[in-house]
Amino acid sequence: MLNFDTSTLGTFLKEKLRDYQPEMISYDYGTVESCADGIVRVAGLGRAEYGELLQFENDVYGIALDLGLNSVGAALLTRNESVRPGSPVQGTGRVADIGVGKELLGRIVDPIGRPLDGQPLHTRESRAVESPAPAIMDRAPVDTPMETGILAVDSMIPIGRGQRELIIGDRQTGKTSIALSAMVNQKDTGVICVYCAIGQKAASVANLVTTLAESGTLEHCVVVASTAADSAAMQYLAPYAACAVAEHFMHQGKDVLVVYDDLSKHAVAYRTMSLLLRRPSGREAYPGDVFYLHSRLLERAAHLCPELGGGSMTALPIIETMAGDISAYIPTNVISITDGQIFLESELFHSGVRPAVNVGLSVSRVGRAAQHPAMKAVSGSLRLEVAQYRDMAVFAQFGADVDAATKKLLDRGVRMTELLKQPKERILKLSDQTALLLCLRCDGLEKVPVAQMQSFVTKLLPWLHERHGDTMESIDRSKKLPDDVSQTLRHAIEDFAARWEA
């Protein structure tokens, strides 16, 4: 049992009371003038900041988005009918922020940091959801690959750590699947993943979280979710909150992959709030600053220089198009902000080519700077060959007579297409991708019937790991493809193809 000296305690308290100097704390109050459709007009609050959290009655919060001379326009973060004209409003003096740190790993939170997985959450640090992008002199070149595990992407449209690569296409063409595969492929690389769901169904988010958990990736991921049931203000905040979470890890010298799924819904949420705030609309009813909406978000992705820790944040924004129209307002905005795009085509998707990457409209402006030497050695002119084949196939489908050289190109193109097909549950290592691309250089592959190509690939890779495990591991370890290793793999593939039986 502990013994306390009551006289000493009394003396201590008297000294504290004697030295205490009361401080006057002033709160800025306003009054609700009107409230409709989640938008509140407040009289007063002359010292409010843009993005400041405002507290209403019954612990309802809003965010200040429109600062006028005599009033403030705010959007409610929660759907609540208790906010009425005449209600008092208090300025918190705090710009919207979110808890950050390793405590978030494996958790699902909303844009203001509240846990959505039913477990308590206590973070030691917080970070404002809006912050300036790193300056040009604070950045380093993008030169390290961010492998997705998808052969068509890593070989033809490589992504580097610190890059912003747009994933664009119509609804239900596999955009989220590509991002999810990229996240799952980071399981053993030390890369932290942040997934931001904007305006999606809660069931879709739950399914994605289940997939991450089953693959063992969730413990290295943070999910920031604002579902379709949330207010427009919450959907507006979601990507900035996810970016703040990723920035915290980047400034600690770590590599982060952040997925924004999707920014089309983000733009619609911002348009909704802007029109209700009576801001003038422009093209396609979007406000004039909608470009700045996404540019100030995506510019925060960077590869920091060694003096700042060398961390990186790679952004994979997703945009949904209508009928493949990439020339619409929001798609062209985001295309001009990012460092390239992966365009998924509905026609390819429905014809069974998965992932349905249109290599003619897809590009990576980082290019081969974000490829391992082994991938550089085998990818070569693959992108050009695939594009030539698909152009030639358009004419061949009309039954036109073709010469021998064109027929050989078409036969090779069919095999290339089959080789690049990849189920979403199959994630390929660098050695697997290198082996498959070497198949294209092997004459023995021509003996394999096209209908059996998928079965050939499915059985080839396990066979190579079983018979030539050391060779495959050396590629994964060194990221290089020396001549002797290349020859060994070529002979192994030709031997397997020569005695292939479906």
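These questions and answers go through how some features of this predicted model get their labels.

Q: What kind of model is this, and how are its residues numbered?
A: It's a predicted model, where local features need pLDDT of at least 70, side-chain atom pairs count only at pLDDT 80 or more, and totals for chains, interfaces and linings use all residues. Residues are numbered from 1 along each chain as its sequence is written, and side-chain values use heavy atoms, with hydrogens and water left out.

Q: How many helices and strands does the protein chain have, and what counts as one?
A: The chain comes to 16 helices and 16 strands.

Q: Why are α5 and α6 called oblique?
A: Helix α5 (residues 232-250) and helix α6 (residues 263-276) pack at about 135 degrees, with their axes 8 Å apart. Angles under 35 degrees count as roughly parallel, over 145 as roughly antiparallel, 65 to 115 as roughly perpendicular and the rest as oblique. The α5 and α6 pair is therefore oblique.

Q: Which residues make the contact between α5 and α6?
A: On α5 they are A232, A233, Q235, Y236, P239 and Y240; on α6 they are L263, K265, H266, A269, Y270, T272 and M273. Contact here means heavy atoms within 4.5 Å. By class, that's 9 nonpolar, 3 polar and 1 charged residues. Ala, Val, Leu, Ile, Met, Phe, Trp, Tyr, Cys and Pro count as nonpolar, Asp, Glu, Lys and Arg as charged, and the others, Gly among them, as polar.

Q: What makes W463 and F496 a tilted aromatic pair?
A: Their rings sit 5.1 Å centre to centre, with 45 degrees between the planes. Rings of Phe, Tyr and Trp (its six-membered ring) pair if their centres lie within 6.5 Å; planes under 30 degrees apart count as stacked, over 60 as edge-to-face and the rest as tilted. W463 lies in helix α14 (residues 453-467) and F496 in helix α16 (residues 483-498), so the pair ties together parts 33 residues apart in sequence.

Q: How many aromatic pairs turn up in the whole structure, and which residues do ring pairs link into a cluster?
A: The search finds 5 aromatic pairs. Ring pairs link Y236, Y240 and Y270 into a cluster.

Q: What makes helix α7 mostly covered?
A: In α7 (residues 290-298), 7 of its 9 residues are buried, where buried means under 20% relative accessible area, exposed over 50%, and partly exposed in between (1.4 Å probe, protein chains only). The buried ones are V290, L293, H294, S295, R296, L297 and L298. Their cover includes α5, β13 (255-261), α6, β14 (312-320) and α8 (329-337).

Q: Are L45 and R278 buried or exposed, and how do you know?
A: L45 has a relative accessible area of 4%, so it is buried. R278 comes in at 74%, so it is exposed.

Note on methods: Axes are lines fitted to C-alpha atoms, for helices over the stretch in contact, and angles run from 0 to 180 degrees between N-to-C directions. Helices (H or I, at least four residues) and strands (E, at least two) are DSSP runs, numbered from the N terminus.
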